[in-house]
Amino acid sequence: MIDPIFLVEAVVNGVLLGGVLALLALGLNLIFGVVDIVWIAYVDLVALAMYAVYFLVTLYGVPLWLAGLAGIGVGAVLGVLVHLLIISPILTSPPINQLLATGGLLFFIQSFATLLWSTDHRSVRVTLPTLEVAGIFVSFTRLVAFALALVAMIVLYLFLTRTYTGTAIRAVSQDREAIALMGARPQRLYLVTSAVGGAMAGVAGALLIIQYAVHPYFGAAFGPLTFMICVLGGLGNMVGAFFAAFIMAQVISVGGVLVSTEMGYVIAFVIFIVLIFVRPGGIFGRRT
Amino acid sequence: MLELADVTAGYGAFTALWGVSLRVAAGEAVAVVGPNGAGKTTLLRTVSGLVAPRSGHVRFEGAELAGRPAYEVVAHGIAHVPEGRRLFPQLTVAENLKMGAYLPAARARFRESLERVYTLFPVLAERQGQRAGSLSGGEQQMLAVGRALMSRPRLILLDEPSMGLAPVMVLRLFDLIRRVREEGYTILVVEQNVRQVLKLVDRAYLLEVGRIKMEGRAADLAEQDFVRKAYVGL
Amino acid sequence: MSPGRLAAGLGLLVLVLVPVLPLGAAEEYIWHVIIQIFFWSFVGTAWSLMGRFGLVSLGHGAFLGVGAYTSVLLWNLLAMTPWVGGPLAVLLALVLALVVAYPCSRFQVVGHYFALVTLAVGEVVRLLIIAERDWTGGSLGVSLKTAGTASGLWTLQFPDKRVFYYVGLGVWLFGLWVWARVDRSMARSAMEAIGEDETAAAAVGIHVTRFKMGITALSAALTAVGGVLLAQYLAYANPDTLSGIGVSLRIVFAVVLGGMYSLLGPSVGTALTIALSEYLRIYFGIKLIGIAETLYGLALILFIIFLPAGIWGSLAAAWRRRATPARPAPA
């Protein structure tokens, strides 16, 4: 029988992991909800942001917080580039083409990264203490990352509900023609959405590089998990993705402690498949 | 104010309008009536920029608008209340109205416009925080019109405003449109409910299978036998 | 006999005779490449059975992996001949395919949604293989126990590559035959109707669920056969080369490059990608690892944007246009 302390730790770590996974899922979902295209290469963009922060810190000695902000900028720029160069030309193509285009991007990023930076794992060492609270050990780094992820999500929420552009972005996902009748350019809104989605990837990247090592196939490791969370929460459903992220993170964390790290993922994926069987629209239903 | 000259427009291989010409003078209320499939909706969509005409001119206050995209047309002062209302169902009443004032010029006078709309349609003020999708048909129509007013237009295009509404609601709605008209807006309305709309407007056109078959003062048209027999009471 | 048929016949003859002709010291390496092209073209053709109808699977690596690992492990651990192990592996892959296809077909899980679900399935298989490392060797993969003196038809291990050449040729032709049969069948019209408008198709009486599941099952089964044979040929299975998103995407890419909607499209695409990959490997050696895939990714993006029918598909369409004189457009 396992020491309950480890279980509690696993739950806590699961919550902390959930925060960052939620961030990933929200960015992806935002873009899908508005532009109606899934960026298969989304987590690879996160990886690029991670590389950016890594190099800024280790090669140029930029302080971490500044590098993090730069990472967000990198993410936003990448988002814009992807939309302009790849997505815009194929907005009206059949879904398979759209998937393959972003799939091609995934290939491209992963192999280009291998070409440039080899398969070495790189991470940014952060010397922050490990806290001990009531007998459980919690990494302060993880705690900070979690808090910042929450902040980012709150900022996103405020942007989407309080600003004109944010509301317009929500509107365009509900009725593209109608928003054009109000004087808003759908194409421009897509661009902004892509920039915001990219920026979220940048935030996620900045928060992940201090917890995990980045390597060219990082996207292959975290990508499927992110998609799974989005589908589980209902593709396009922001609130659903938020909760699905925490649920999955718990399964992975607790499963990882009870059985093994890989099995934790396997169990999570199997649960996903079973849940799809039971509720094909995702736990919280699809975006209508 | 608005002039369509010999406009031909359609979708893909299908042509919905054949050489349509009409005029709306500033301050007027004009109706376009006709049966289903006549091309009435296409007509409005061509004016508002959702459809680009294949030939012909669309002139508004001297400016040529044919082929301009919708978001440019609305900046010239034309607001389109589309068929089926096309509200943003997940946004609240207030947010829908906010979107109506998306244009910078409209945003600057947002408060003023909002006041105006809430005065005209008090029920919208009551239901500010409610999701547009959960409103009743009549309320939705009012919101759609209100949203159009938020862009501070000079010309308002109304596409089948009575569609899907109970007869009592239809009367109330046309009353409200009358009040909007009294505020000084120029109106071009497309309707199947010929009897009600002819009471509302100054002039009307009859559109059948993409061509203007008749035009004249509303009172005159209402007298026309075949109009009465064929379309009245829908 | 039409020129097309004649060309095809001649091509076939050449392919059949190649190993027998005295081509000098034809290197083992060339056989290796050609055999791989046969097997992977077969897999690509199998994938395109689904892809051409809009059922984009990004998880076909799952069926490859299940096929490969099941038959390899059954041989290694239970000395079960691949003639029994193979069908068992295919059966397992079929079960997996049906389990996933049922909810997807029944509840109209299509497009992006379907692709992501299949991606997850592909990943589950890959992770499972890695997690059960005691049996499967984990990320290091597993080698097929050599049959030594028992090599031959029963154990499906042949030291002479030319036998595998014929196996590959046969299997590839079989795949083309299946594709052609599906193309000419009711299933094709039904699937196209479903692809355009599922509800309408159902209203007309087309049993949507049955057709979708049928096509998925067929595609998965064939892919699994490909997995079994590849494992037999390579005598090695690895979770990343025979399962997971990487290989799934590579299959898809090759098919799209060649053209998803034509008979030979997937094969042309596969041949091109493998040839390119080998060429780059020879040319650059280990100096530029990842250059091939970088170019693939770029090419895939460009193809999707500018040439969605693929190389072969576009050529075929252009050829057809030349053959029939343009008719005047209706007034």
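The questions and answers below cover chain contacts, helices and strands in a predicted model.

Local features in this predicted model need pLDDT of at least 70 and side-chain atom pairs count only at pLDDT 80 or more, while totals for chains, interfaces and linings use all residues. Residues are numbered from 1 along each chain as its sequence is written, and chains are lettered from A and ligands numbered from 1 in the order in which they are written.

Q: Which chains have the most contacts between them?
A: Two residues are in contact if their C-beta atoms, placed from the backbone, lie within 7 Å. No contact joins chain B and chain C, whose closest C-alpha atoms lie 10 Å apart. Of the 2 pairs of chains that touch, the one with the most contacts is chains A and C.

Q: Which element gives the most residues to the side of chain C that touches chain A?
A: On this side, 42 residues of chain C are in contact with 39 residues of chain A. Elements giving two or more residues are α4 (82-106), α5 (111-131), α12 (244-258) and α14 (291-306) of chain C; helices (H or I, at least four residues) and strands (E, at least two) are DSSP runs, numbered from the N terminus. With 15 residues, the element that gives the most is α5(C).

Q: Why is α5(C) described as largely enclosed by the rest of the structure?
A: A residue is buried if 20 or more other C-beta atoms, placed from the backbone, lie within 10 Å of its own, exposed if 12 or fewer, and partly exposed in between. The helix is largely enclosed because the buried residues of α5(C) number 20 of the 21.

Q: What span should α5(C) have at 1.5 Å a residue?
A: The expected span of a helix is 1.5 Å times one less than its number of residues. The end C-alpha atoms of α5(C) are 30 Å apart, which agrees with the span its 21 residues should have, 30 Å.

Q: Which element gives the most residues to the side of chain B that touches chain A?
A: This contact takes 20 residues from chain B and 16 residues from chain A. The elements of chain B that give two or more residues are α2 (70-73) and α3 (93-100). The most, 4 residues, come from α3(B).

Q: How many residues of β8(B) are buried?
A: Strand β8 (residues 186-191) of chain B is mostly covered. Thr186(B), Leu188(B) and Val190(B) point one way, Ile187(B), Val189(B) and Glu191(B) the other way, and all are buried. The count for β8(B) is 6 of 6.

Q: Which residue of β8(B) is the bridge partner of Leu157(B)?
A: Strands pair if DSSP finds at least two bridges between them. Strand β7 (residues 155-159) of chain B runs parallel to β8(B), joined by 5 bridges. In β8(B), the partner of Leu157(B) is Leu188(B).

Q: Which strands are the edge strands of the open sheet in chain B?
A: The sheet has 4 strands in the order β2-β1-β4-β5, with antiparallel pairing. Strand β1 (residues 2-11) of chain B pairs with β2(B) over 7 bridges. Each edge strand pairs on one side only, and these are β2 (14-24) and β5 (63-64) of chain B.

Q: How many residues does the largest nonpolar core have?
A: A nonpolar core is a set of buried Ala, Val, Leu, Ile, Met, Phe, Trp, Tyr and Cys residues joined through C-beta atoms within 7 Å. Those with the most contacts inside the largest core include Ile229(A), Met248(A) and Val117(C). The residue count of this core is 279.
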